[in-house]
Amino acid sequence: MTNTALVTGASAGIGEELAKVHAENGGDLILVARRKERLEEIAEELRAEHGVQVQVIAADLAKPGAAEQLMADVGALGVSVDVLINNAGFGGHGKFHESGLERDQRMMQLNMVALTELSYYFAQGMVERGEGKILNVGSTAGFLPGPLQAVYYASKAYVNSFSQAMANELEGTGVTVTVLCPGPVITEFQEAADLGGVKGFELGADARSVAECGYRAMEKGELLAINDPKISVLLKGLLPFVPRKSVLWLSRKTMEKSS
């Protein structure tokens, strides 16, 4: 029985740590990200430390058609993907009408469209084989609207909802879908998304602990994983009873930068 995981956004942060956790559990890997040189470094490290097979595919999944091309590239390797980890994504900061539309279009393409397409393509083979696991990296941001990160929060709301619906549809097929919803995490994401000084990211979890949380949940076939129990209680137990304007005010405050 093979145990090959394809991990997108594997060159840093949560994606890199998820790849490491899978290798530590004896699984082979296909690492996908834009930075091929960085992927090769990680691949060499994992091969040496864990004796697993690691393939590297450089791809920019924010480009239309990239998911279909990735599927073809994986097919050329002759490898079946048993675990799909859709981790690639990016955010941004600022008012929607003042930010560049092109950046938000790329964000939607990566965070939602590519994830959806890859889930569709790889679920086909998993269902045919009667087994497989999909882990989509959503966010606690997907549970509420996000002023100053309007498109990012909305994209993660899509991931959270889509993943749970897909999980329900696949019941009884041997294929499970898990959505990992981290709170703030200390990774390269903050710098890339211009989140330096943002109050909500002053304290964040480390990528390794988040990866372990998501991987454990995926292995168990759980529907939803939130790494921070306090945030879980807030979102599930308190947020539904807070007036919407207050939710928006609180959400915006956490995204404002310290003066």
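Is L148 buried or exposed in this structure? With a relative accessible area of 12%, L148 is buried, where buried means under 20% relative accessible area, exposed over 50%, and partly exposed in between, for a 1.4 Å probe and protein chains only. The model is predicted, so local features need pLDDT of at least 70 and side-chain atom pairs count only at pLDDT 80 or more, while totals for chains, interfaces and linings use all residues. Residues are numbered from 1 along each chain as its sequence is written, and side-chain values use heavy atoms, with hydrogens and water left out.

L148 lies in the loop between β5 (132–137) and α5. Helices (H or I, at least four residues) and strands (E, at least two) are DSSP runs, numbered from the N terminus. The phi of L148 is near 80°, a positive value in a residue other than glycine. Most residues other than glycine have a negative phi. The loop between β5 and α5 also holds G142, which counts as buried at 15% relative accessibility. Leaving aside neighbours within four places in sequence, G142 is in contact (heavy atoms within 4.5 Å) with Y153, K156, A157 and N160. From G142 to D60 the separation is 82 residues in sequence and 23 Å in space, C-alpha to C-alpha.

Two residues in strands come next. T4 has its place in strand β1 and, at 6% relative accessibility, counts as buried. Apart from neighbours within four places in sequence, the contacts of T4 are H22, D28, L29, I30, V79, S80, V81, D82 and V83. T178 is found in strand β6 (residues 175–180) and counts as buried at 1% relative accessibility. When residues up to four places away in sequence are not counted, T178 touches I134, L135, N136, A217, M218, G221, E222 and L223.

A66, A67, L70 and V74 of α3 are buried. Seen down the axis of α3, these buried residues fall within an arc of 95°, so they line one face of the helix; the arc is that of the directions from the helix axis to the C-beta atoms. An α-helix has 3.6 residues a turn, so residues three or four places apart point the same way. The face of α3 turned away from the buried side carries the exposed residues E68, G75 and A76. The packing partners of the buried residues of α3 are β1 (4–8), β2 (28–33), β3 (54–58) and α4 (101–129). After α3 comes G78, whose phi is positive, near 70°.

Helix α9 (residues 244–255) can be read in a similar order. Its 12 residues should span 16 Å at 1.5 Å a residue, and its end C-alpha atoms are 17 Å apart, which agrees. V247, S251 and M255 are buried in α9. Viewed down the axis of α9, the buried residues fall within an arc of 65°, so they line one face of the helix. K245 and W249 are exposed on the other side of α9. The buried residues of α9 pack against α5.

Helices also pack in pairs. Two packed helices are described by the angle between their axes and the distance between the axes. Here the axes are lines fitted to C-alpha atoms, for helices over the stretch in contact, and angles run from 0 to 180 degrees between N-to-C directions. Helix α1 (residues 13–24) and helix α2 (residues 36–50) pack at an angle of about 20°, with their axes 10 Å apart. That makes α1 roughly parallel to α2, since angles under 35 degrees count as roughly parallel, over 145 as roughly antiparallel, 65 to 115 as roughly perpendicular and the rest as oblique. E16, A19, K20, A23 and E24 of α1 and R38, I42, E45, L46 and H50 of α2 make the contact.

E40 also lies in helix α2 and, at 33% relative accessibility, counts as partly exposed. Not counting residues up to four places away in sequence, E40 touches R47 and V56.

The pair α4 and helix α5 (residues 150–169) packs at an angle of about 10°, with axes 9 Å apart. α4 and α5 are therefore roughly parallel to each other.

Notes: Expected span 1.5 Å × (residues − 1).
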